[in-house]
Amino acid sequence: ILAVIRIGAVMLVFDPWVSVVGASIVVVIYASLGGLKGVIWADFFQYSIAMFGAVLAAIVAIRQPEIGSLSNLISNPVLADKLSFFPDFSNPSIYIPLLIIPIAVQWWSVWYPGAEPGGGGYIAQRMLAAKDEKNAIGATLLLNFAHYALRPWPWIIVALASLVIYPDLASIKAEFPNIDPEYLKDDIAYPVMLSKLGAGWLGLVVASLIASYMSNIDTHLNLCSSYVVNDFYKRFVNPDAEQKELVKMARISTVLLMVLSGALALTILDNATQAFNILLLSGAGSGAIYLFRWFWWRINAWTEIVAMIVATLNAFILVLLIDDADVATSILDGFTVKLLIAVGATTVAWLLATFLTPPESKETLRSFYRLTRPGGPGWKKVIAEARSEGDMIDEKDHGRAWEMPIQIICVFIGIIVVYASLFAIGNILYGNTILATAMFATAAVGTYLLFKFFSRLRAD
């Protein structure tokens, strides 16, 4: 929504509320009427339009007189310290927050929509809607390639070009004096760069950005309304509700969620970075739960509820009430310190909640085991208790090797494939042909091994 406000302010000279209301009405209509199927079809076309617009914007950006070509952009001295794939290892204040913290802490501890450690509702909703398990896995692999390896590069090219054409915010202000100072932040550079397009192409790219916005919003509205209806309304308010009433409540919650989101963007948030930080910190510390629930029977509903509440409170307090400069150190920037604080506080909170609340009933635990068959040492107690009562909940698994090690290998091979593809495309753009070939070869070998391991996993 913040991005729509910026685009509307620079390219269409709209007041913020006009951009928010105009961009939201259509999404609410088809997301509430079309449901998940409507959202999926809309996302398919919107992603295609958004990618075309992003590539076109990148092409126009490198053809600007200040640049001329992709090779000129890459060799521009302004970008000399910004093109490395790896951070400066001589400077701890750079490589620790950019490399060490994500690898050591962030990947397992932070929940983020679409990249939940151990899996989450955002992806699970789409996977469960697929034709079968094979299609669900294939579609998820395609998503990760398209989203992480392919999608970022047009944006990166435009961002690099903007550093050459507009080296600072003052240069943007000089060319666009009517921009409200409230919105003159770093995230204004992208819509400013889009103003370089001609009238016809500009309209197409604006349409692609609206498509990208709609694709993100409709997915979140559909997912969140399903939480409201299935996990709250049906469970606690009206367990006997018929489908017609549930659909009605889903549509009402979709509208309310859109209104709340728009109000938040218009009244509290200042820039996209702030919104991203709140989102990241609101999941900090809860990511481990989504991993542990597959390995440890003691995780219960209160574990997740407490983690969500504490993490959300942490996020708004740390982002809106505490300045980054007040907590930054000589090595760690302010946000990284906040991330570590949020992870620590939320983890302590959900661990206390886990041990201070009763475990799930044995019926619930056994049902969960039959559905997911998590296995491993963390579930031995549940299995042993069930078998002592004559309930062979592990009958299908008895005598078989635990498949989790192979599944974890598949996870890491998949990560290698996606990142090798990301770096391969980047090295082609940067003119590093040999390294690009090596990365593509790595991705190809990884893909082969991935499907080889998949074939070893049982389908029952």
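The mean pLDDT of the chain is 85, and 97% of its residues reach 70 or more; pLDDT is the predictor's confidence in each residue, from 0 to 100. The model is predicted, so local features need pLDDT of at least 70 and side-chain atom pairs count only at pLDDT 80 or more, while totals for chains, interfaces and linings use all residues. Residues are numbered from 1 along each chain as its sequence is written, and side-chain values use heavy atoms, with hydrogens and water left out. Confidence is lowest in helix α1 (residues 2–11), at a mean of 76. It is highest in helix α16 (residues 334–356), at 93.

The chain has 20 helices and zero strands. Helices (H or I, at least four residues) and strands (E, at least two) are DSSP runs, numbered from the N terminus. The radius of gyration is 24 Å, close to the 23 Å that the globule rule gives for 460 residues, so the chain is as compact as a globular protein of that length. The radius is taken over C-alpha atoms, and the rule is 2.2 Å times the number of residues to the power 0.38. Along its principal axes the C-alpha trace spans about 80 × 55 × 45 Å. Of the contacts with a separation of 6 or more, 74% join residues 24 or more positions apart; contact means heavy atoms within 4.5 Å.

Of the 460 residues, 41% count as buried (under 20% relative accessible area; exposed is over 50%, partly exposed in between; 1.4 Å probe, protein chains only). The largest nonpolar core has 42 residues. Such a core is a set of buried Ala, Val, Leu, Ile, Met, Phe, Trp, Tyr and Cys residues joined through side-chain atoms within 4.5 Å. Leu73, Ile172, Ile179, Val192 and Leu194 have the most contacts inside it. Helices that each supply at least two residues of this core include α1, α3 and α10 (199–237). A second, separate core of 35 residues includes Ile1, Ile101, Leu221 and Val343. Leu194 touches Met11, Ala57, Leu202, Val205 and Leu209, not counting residues up to four places away in sequence.

Two further sites were examined. Asn76 is found in the loop between α3 (70–75) and α4 (92–109). Asn76 is buried, with a relative accessible area of 17%. A polar atom of its side chain lies 2.9 Å from the backbone nitrogen of Val78. Phe316 lies in helix α14 (residues 301–320). At 31% relative accessibility, Phe316 counts as partly exposed. Phe316 touches Leu264, Ile278 and Leu321, not counting residues up to four places away in sequence.

Notes: A polar contact is a pair of N or O atoms within 3.5 Å; within protein, one must be able to donate a hydrogen and the other to accept it, and residues adjacent in sequence count only if both atoms are side-chain atoms.
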